[in-house]
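Student: Hi! Could you walk me through a few spots in this model?
Tutor: Happy to, let's bring it up.

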Amino acid sequence: PAALVGGTLLSLGISSDSYTAMQVVPMMAIIVGIWLLVFHLFRVGRIVKYISTPVMGGFVTGICCTVIMMQLPKLYGGSSGMGEAFHLIMHIVKEAEGFHLLSFILGVGTIAILLVSKRYIPKLPMPIVMMVAGVILTKRFHVDDLGVKLLPHVDSGLPDIVIPHVGGSTIIKLILPSLIVAVVILAETLLASKGVALKDGHSINSSREVMAYAVGNLLSAMVGCLPVNGSVSRTGLARQYGARSHIMSVTAALTMVFVLIYGTRYIEYMPVPVLTAIVISALIGACEFDLLARLWKSSRVEAYIFLSAFFGVLILGTIYGVIIG
């Protein structure tokens, strides 16, 4: 959704740091929320029961690999990319011209530590340890003076309530892009949710899931935020540490409130490569290549279905990946 919103701003000629963008983005969240309400009313979420495990596995793995490719340049001091595989590969190569060695060492080192700790001490919350270590590196050794990018400053306190001021002509231009965002949210969250439910041995209510994301987007708009969806990387981390109930979401929300009130001054000390590495390591864990290996042994047809969905997402994008699958 973030990439799609950025692309919409670009297509409308709106600068991402402008006042207009601050009005258009939450308006997109409102329209996305309305689209999701429509999907809920017409029970569009039922389509998920017709999507097989190989399609889900290929789709989620394709999403993970796409986001990893988007994030890769940030490991060596570059900026994140947009688009599908070919565009992302070109962006990775282009950003490599400004390769920053210390950033790369921090990023790759963090990934290595996280993957090793996940294997040998899986219950230790190593992402938090690495974030604290990143803050200490900045405070003690001033890695930013050596060219390592840091996260931007975030004001403390809870956000204000926002009422977007957008003209009627702009709203009309946002209807189709918002529909695409809503469809991506529908596909990504339902497929990821169903995949997790199957692994844990329970079922999901797809209609209720869609309603939850509709409400989430409408509430997001009220505080000036962009459209929101479920996160494959966060889900991967939650599963790693044994989270199985809604208490995780409540705890995360309360923690975020605490951070907003008391902890934002530390955010600007966080090295971007370290945070990027945490996201990438979580996405690596969420990839389902182990499922592909099992399918390859048991049913080549289902393995080809997995690969079709995987490459469909990777090369053509989220929606086409689902359709191909």
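Predicted model: local features only at pLDDT ≥ 70, side-chain atom pairs only at ≥ 80, totals over all residues.

Student: Okay, helices α5 and α6 then. At what angle do their axes cross?

Tutor: Roughly 150°, and the axes come within 10 Å. Helix α5 covers residues 101–120 and helix α6 covers residues 126–141.

Student: So are they roughly parallel or roughly antiparallel?

Tutor: Roughly antiparallel, because the angle is over 145 degrees.

Student: And is the crossing left-handed or right-handed?

Tutor: The crossing of α5 and α6 is right-handed.

Student: Which residues make the contact?

Tutor: From α5 you have Leu106, Thr110, Ile113, Leu114 and Ser117. From α6 come Met126, Pro127, Met130 and Leu137.

Student: How many of those are nonpolar, polar or charged?

Tutor: The contact of α5 with α6 has 7 nonpolar and 2 polar residues, with no charged ones.

Student: Switching topic: where does Ser178 sit?

Tutor: Ser178 is part of helix α7, residues 168–200.

Student: Buried or exposed?

Tutor: Ser178 counts as buried, because its relative accessibility is 0%.

Student: What is Ser178 in contact with, apart from its neighbours in sequence?

Tutor: Setting aside neighbours within four places in sequence, Ser178 is in contact with Met28, Ile31, Val32 and Trp35.

Student: Nice. And Val55, which helix is that in?

Tutor: Val55 belongs to helix α3, which spans residues 53–71. With a relative accessibility of 4%, Val55 also counts as buried.

Student: What does Val55 contact?

Tutor: Again leaving out neighbours within four places in sequence, Val55 is in contact with Ile305, Ala309 and Gly325.

Student: How far apart are Val55 and Ile324, in sequence and in space?

Tutor: They are 269 residues apart in sequence, while their C-alpha atoms are 8.9 Å apart in space.

Student: Last topic, aromatics. How many pairs are there?

Tutor: The count comes to 7 aromatic pairs. One to look at is Phe99 with Phe104, whose ring centres are 5.2 Å apart.

Student: How accessible are Phe99 and Phe104?

Tutor: Phe99 is partly exposed at 41% relative accessibility, and Phe104 is partly exposed too, with a relative accessible area of 31%.

Student: Which residues do ring pairs link into a cluster with them?

Tutor: Tyr76 joins Phe99 and Phe104 in a cluster linked by ring pairs.

Conventions. Residues numbered from 1 in each chain as written. Heavy atoms only, no water. Axes fitted to C-alpha atoms, helices over the stretch in contact; angles between N-to-C directions. Helix = DSSP H or I, 4+ residues; strand = E, 2+ residues; numbered from the N terminus. Parallel < 35°, antiparallel > 145°, perpendicular 65-115°, else oblique. Left-handed = near helix turned anticlockwise from the far one by under 90°. Contact = heavy atoms within 4.5 Å. Nonpolar A, V, L, I, M, F, W, Y, C, P; charged D, E, K, R; others polar. Buried < 20%, exposed > 50% of the residue type's maximum accessible area, 1.4 Å probe, protein only. Phe/Tyr/Trp six-rings, centres within 6.5 Å; stacked < 30°, edge-to-face > 60°.
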